[in-house]
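These are my notebook entries on one structure. I record what I looked up, one topic at a time.

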Amino acid sequence: MAVIDKRVAVVTGGNKGIGFEICRQLAERGLRVILTSRDVARGQAARQKLSDEGADVVYHRLDVNSDESVGELAHYVEAEQGRVDVLVNNAGILIDESGVGVLGTSLDIFRKTLETNFFGALRMCQAIAPIMQRGHYGRIVNLSSGLGQLDEMGDGTAAYRSSKTALNALTRMVSTAVSGDDILVNSMCPGWVRTDMGGPNAARGVETGAETAIWLAMLPHGGPSGGFFRDKAPIPW
Ligand SMILES: NC(=O)c1ccc[n+]([C@@H]2O[C@H](COP(=O)([O-])OP(=O)(O)OC[C@H]3O[C@@H](n4cnc5c(N)ncnc54)[C@H](OP(=O)(O)O)[C@@H]3O)[C@@H](O)[C@H]2O)c1
């Protein structure tokens, strides 16, 4: 088994948007980044762009909805890279119909949304956290949203909101499950960011949207775990 002497990060949904920017910024901080995407051509094009900038980025296909795909990725990183130091659960979908609210949203939309935004992250944690435990180090960053805050829960985008609330609960559970090793697990909200999901009118660019995720990915020993952050500061659940 090859073991490299620099930290290795896995980013889900790395082909565009905030995930792509997270790949770029982690590489800038000296990590080897495994940029993953469900579509090979889009992912390879994104990897090429970062490689052209001089980043140490490797591509691997990953559909977080698939047990097989997640299993293959986990096997690849442990066999070929020998370690995973950072996992960024960034992949997400927002497929709610506008204006229908919780009472009008089909169970199918709820199921599909939870499949990616919650079960996808759960699959990744179950596959990757044991590798981190074997290495006695890890940083897991879950891309959540203020829309998942119970504190400010409303009726719109009900499936998306539910998925992010569930993701936040997952953050707390995994944080507890891995305590004892130097593995820190946190949720973050990037703010409203100009991406395909956020739309062109969003207030923030991807550089700002990625900042808190990078901060959490690089936390020193003894840093927070089981928290929810925006702009590097705790926010209510
Ligand atoms: N933008 C915002 O304002 C905002 C605000 C709060 C939270 N967030 C969260 O931040 C994260 C990134 O959002 P974004 O704005 O960058 O969204 P985006 O531009 O729509 O990108 C989403 C990424 O997730 C990938 N993805 C979706 N389903 C997947 C699957 N089953 N397996 C693997 N990858 C999958 C997409 O791949 P494809 O290209 O193949 O579709 C894409 O790479 C999401 O979790 C989102 O909920 C965003």
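Entry 1: two loop residues. I began with His-136, which is located in the loop between H5 and S5. The model I am reading is a predicted one. I looked up the backbone of His-136 and noted a positive phi of about 55°, although this residue is not a glycine.

I then turned to Lys-232, in the loop between S7 and S8. Lys-232 is not a glycine either, and I noted for it a positive phi of about 65°. Its count is 11 C-beta neighbours inside 10 Å, and therefore Lys-232 is exposed.

Entry 2: the sheet. I followed the order of the strands and wrote down S3-S2-S1-S4-S5-S6-S7-S8. These 8 strands make an open sheet with mixed pairing. Which strands stand at the edges? They are S3 (57–61) and S8 (233–234); each has a single partner strand, so one side of each has no neighbour in the sheet.

I recalled that strands of a sheet pair through backbone hydrogen bonds, either parallel or antiparallel. For S5 (residues 137–143) and S6 (residues 182–188), I noted the parallel sense and 7 bridges. Within this pair, Tyr-137 has Asp-182 in S6 as its bridge partner. I next looked up helix H7 (residues 206–217), which packs on the sheet and touches S1 (8–11), S4 (86–89), S5, S6 and S7 (228–230). The direction of H7 makes about 160° with that of S5.

Entry 3: the nonpolar core. The largest nonpolar core has 57 residues. Which of them touch the most other members? I listed Ala-9, Cys-23, Leu-26, Val-33, Ile-128 and Ala-213. Helix H5 (residues 107–135) contributes the largest share of this core, 9 residues. Neighbours within four places in sequence aside, Leu-26 is in contact with Ala-9, Leu-31, Val-33, Val-86, Ile-214 and Ala-217.

Entry 4: the ligand. How many residues surround the ligand? I recorded 32, the closest being Gly-13, Gly-17, Gly-92, Thr-195 and Gly-198. By class, this shell holds 12 nonpolar, 14 polar and 6 charged residues. Helix H1 (17–28) and H5 supply at least two shell residues each. H1 gives the most, with 3 residues.

How values were computed: Residues are numbered from 1 along each chain as its sequence is written. This is a predicted model: local features need pLDDT of at least 70, side-chain atom pairs count only at pLDDT 80 or more; totals for chains, interfaces and linings use all residues. Two strands pair if DSSP finds at least two bridges between them. Helices (H or I, at least four residues) and strands (E, at least two) are DSSP runs, numbered from the N terminus. Two residues are in contact if their C-beta atoms, placed from the backbone, lie within 7 Å. Axes are lines fitted to C-alpha atoms, for helices over the stretch in contact, and angles run from 0 to 180 degrees between N-to-C directions. A nonpolar core is a set of buried Ala, Val, Leu, Ile, Met, Phe, Trp, Tyr and Cys residues joined through C-beta atoms within 7 Å. A residue is buried if 20 or more other C-beta atoms lie within 10 Å of its own, exposed if 12 or fewer, and partly exposed in between; C-beta atoms are placed from the backbone. A residue is near a molecule or strand if its C-beta atom, placed from the backbone, lies within 6 Å of it. Ala, Val, Leu, Ile, Met, Phe, Trp, Tyr, Cys and Pro count as nonpolar, Asp, Glu, Lys and Arg as charged, and the others, Gly among them, as polar.
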